[in-house]
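Good morning, and thank you for making time for this presentation. I ask you to keep the sequence and the structure in view while I speak.

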Amino acid sequence: MSRLLPLGSGPGLNRYRYFGSVVHSERLKDQITVQLDSGKHDCFTLLNGTNQIGCQSNPQGNAGTLILVNHAAELENSSNQIGDIIVAVNIEQLTKTLVDSLISTKSIKGVILFRNQTNLQRTNSEDSSCPNQEFSFYKSQESSCEWNKKGAVHPSGLRFLDWKKPVLFITNETEVDLIVNKCIKAFNFDSSNTSPKCTAKMTMRMHAAGDAQICLRRQQLFSGLSDTISLCDPLGDENIFAIVPHVSKIDQPNVFMLTTRLDTFSMFTNNDGGDVSVLTSLISSLVVANAIGQNLENFQSRAKANNKQIMFGFLHGESLGYIGSSRMVFDMNLGKFPVEDKGFSPNKSAHSLSLNDIKLYLELQHIGFEADLKNYFIHLDPHIYSKFKLQIDQAINSSVTGMKINGFKLRKTSIKSNAQVPPSSYHTLLKHEAVPGFIISTADQFYQYKDTNSLLDKALREDHERTFRSSVIKHITAAATSSLYTILNHVLSTDPTQEKDYVIKQDFIEKLVDCFFYTENWSCSFFNEILNITQKADFGNRTFALNVNNSAQCKTLNEGQNLFSFNWQFDPITNKSYCYKTSVYRTPASSPAFEIEDYDFLNGTYSTWVESVWDPRRLELYVSTGYTTDLIVLLFGILFFATSLLVCRKMNIESWLDDPVLLPNRPEPL
């Protein structure tokens with residue numbers, strides 16, 4: 001075992017330091033190690049029906065000498081000379097070759113990633129070259145799917161690799177300086193085995209192992225114990241749907257669906273990325289809802305006259321196997337969407353919707369933010385397009401107009417027989433029904449944005465100078481106007497350019513942009529006014545019931561019907577609370593694989609991802625000496641012990657014991 005020295009100490013270490021630590025009741029371990037606590041981004045383990053991915057350490061932790069690496073070629077020499085190593089890498093330097101070497105090199109016991117804040121390059125997608133390839137509608141054409149080719153650090157996706165070792169991402173500049181300058185550069189640039197080495201120990205214990213089915217089975221076996229043992233949890237959340245006007249059992253559904261996703265992912269915990277993967281598209285959809293909501297009664301009246309509805313769909317879990325959309329279709333097939341039939345009277349029951357009721361589908365994806373990006377693209381499935389050409393072309397014309405009046409171009413991509421729509425929720429619908437629809441995106445043949453599904457998808461939140469504020473507002477305005485025009489044309493059968501009742505509100509866009517992108521932790525006054533009062537931001541009418549004066553009275557209106565949701569909610573415009581009558585529905589966004597009895601986890605129909613439970617991670621640094629130094633210390637100790645024996649041998653032990661000076665005083669008689 002290597003001898004330990006306090007980090008930052010040298011050969012002139014005060015030999016009384018240990019005894020001082022005893023006096024001050026401080027453990028020796030605290031004197032010889034430095035624990036880094038501020039990091040919050042730890043790679044964790046996911047499991048599905050066939051395998052596990054992600055990172056973990058041995059239960060006792062993984063230790064090794066810290067080295068700094070920029071290229072894969074540097075690893076071989078370091079591992080041969082030093083032995084077990086922990087590698088520190090600038091995350092901007094990651095390439096497929098380097099990642100493969102980090103995983104396959106047995107002497108590498110862990111990886112610490114950091115980031116150079118002065119040199120930010122945006123090619124850091126943790127997704128694969130073909131996102132959600134296993135759940136694609138075009139499985140027979142998998143080889144041609146390379147939507148994320150320009151952004152993916154690794155073709156298989158960093159998130160989907162089994163590292164078999166701990167990996168951390170450190171953002172604290174003080175800790176990065178400690179690791180790089182005061183640890184590696186101060187101690188480990190000397191290749192001599194006799195010099196002290198700065199060593200790291202990474203502990204990241206995961207409870208799950210094997211695959212999802214094994215983990216859930218083991219967890220079930222322990223469920224009867226007094227202390228429930230948790231090993232893993234299925235991924236899941238909620239979908240949100242708003243249907244305007246409402247559709248009861250006495251109505252005929254004819255739905256236009258506008259969709260965006262709510263989720264992104266990273267291999268690291270506490271992922272707060274998602275600026276372009278999620279938020280720009282989400283904001284665009286919210287702006288459309290706001291435009292319709294400003295004149296809601298008029299819209300409902302005219303839509304009812306046309307027997308048509310708009311359904312806003314906000315889907316969760318789409319980045320990991322289309323969890324939200326697959327659950328939506330699953331519930332539709334069971335007659336449980338958007339709510340389960342409770343046997344209420346027809347005029348008080350929500351109509352069970354099916355895919356046949358969706359007459360047109362539009363999905364927003366990768367809405368941009370750069371000032372020089374002026375082109376958007378429409379993606380169509382060629383077979384669906386040929387079947388519904390007139391209907392889709394009419395909708396596209398409205399979309400193109402909405403983009404054009406805002407200074408952007410929107411054009412169709414290739415509609416050859418082998419053309420594909422990019423990875424999207426639309427794939428789930430197409431696998432079950434020929435639903436007419438299209439996708440609006442900045443992507444042509446490849447994603448323009450290179451941080452898709454990544455912890456570093458924070459280009460706007462890191463825009464501290466607000467360079468992109470005005471340009472992202474223009475992009476969102478164009479995307480929202482394009483979507484609004486398409487809805488008005490289809491649902492109201494009107495020329496959207498002549499409509500003055502439905503306007504995209506610039507001040508609303510600015511509020512959302514500032515809250516989501518330019519306010520730390522989304523703690524803006526607009527959000528606080530709403531979220532401090534209620535946890536549900538619904539879309540609907542204030543009820544006119546005069547006797548509803550508080551939340552308890554409002555809640556009772558939900559009894560005896562499932563057509564509406566009554567919610568007591570704060571209105572920041574009037575600064576008052578009201579009982580809102582809404583047709584907003586919150587449905588499970590959990591995979592049907594965990595609902596179906598005896599589901600075959602190997603068939604690949606539904607996502608089977610579960611997340612491992614883990615213990616708190618630890619990262620410790622200390623300085624250890626080499627083998628040669630240890631040998632010298634051992635030999636010196638043996639020599640000192642032998643010398644001490646010779647000296648003691650010459651001493652007259654008996655005379656020393658008989659020395660009256662050393663004898664204790666005799667006790668006094670009683």
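Let me begin with a definition: a residue is called exposed when its relative accessible area is over 50%, and buried when that area is under 20%. The model before you is a predicted one.

With those terms in place, consider helix α4, which covers residues 96–104. Which residues of α4 are buried? They are Leu98, Val99, Ser101 and Leu102. Viewed down the axis of α4, these buried residues lie within an arc of 160°, and therefore they line one face of the helix. The face turned away from that buried side carries Thr97 and Ser104, both exposed.

Let me now step back to the whole chain. The protein has 670 residues, of which 51% are buried. Its secondary structure comprises 18 helices and 24 strands. Of the contacts with a separation of 6 or more, 80% are between residues 24 or more positions apart.

I turn to the sheets. An open sheet of eight strands runs in the order β17-β16-β18-β15-β13-β14-β12-β22, and its pairing is mixed. The edges are taken by β17, residues 409–412, and β22; each has a single partner strand, so one side of each is left without a neighbour in the sheet. On average, and with direction ignored, neighbouring strands of this sheet are turned by 20° against each other. Within the sheet, β16 (residues 375–379) and β18 (residues 437–441) run antiparallel and are joined by three bridges. Phe377 has Ser441 in β18 as its bridge partner.

A second open sheet has four strands, in the order β5-β4-β23-β11, with antiparallel pairing. Here the edge strands are β5, at 52–53, and β11, at 232–234, each of which pairs on one side only. Three bridges connect β11 with β23 in the antiparallel sense, and Asp233 finds its bridge partner in Glu611 of β23. Helix α6, residues 212–221, lies across β4, β11 and β23, and runs at about 115° to β11.

Strand β20, residues 565–571, pairs with strand β21, residues 576–582, in the antiparallel sense over seven bridges. Which residue of β21 is the bridge partner of Asn567? That partner is Tyr580. Four residues stand between the two strands of the hairpin, and Asn575 takes a positive phi near 65°.

Next, a helix pair. Helix α8, residues 296–306, and helix α13, residues 469–491, have axes that come within 9 Å and cross at roughly 45°.

I close with the backbone. In general, most residues other than glycine have a negative phi, and most peptide bonds are trans.

The peptide bond from Val244 to Pro245 is cis, with omega near -10°. Pro245 belongs to the loop between β12, at 236–244, and β13, at 255–261. The bond from Phe337 to Pro338 is likewise cis, with omega near 5°, and Pro338 is placed in the loop between α9 (323–333) and β15 (358–365).

As for positive phi, Asn270 has a value near 55° and is not a glycine. Asn270 sits in the loop between β13 and α7, the latter at 275–293. Is Asn270 buried, partly exposed or exposed? With a relative accessible area of 49%, Asn270 is partly exposed. Asp598, also not a glycine, has a positive phi of about 55°. Its loop lies between β22, at 584–590, and β23, at 610–612. At 75% relative accessibility, Asp598 counts as exposed.

Notes
Residues numbered from 1 in each chain as written. Predicted model: local features only at pLDDT ≥ 70, side-chain atom pairs only at ≥ 80, totals over all residues. Heavy atoms only, no water. Axes fitted to C-alpha atoms, helices over the stretch in contact; angles between N-to-C directions. Buried < 20%, exposed > 50% of the residue type's maximum accessible area, 1.4 Å probe, protein only. Pairing = 2+ DSSP bridges. Contact = heavy atoms within 4.5 Å. Arc of directions from axis to C-beta.
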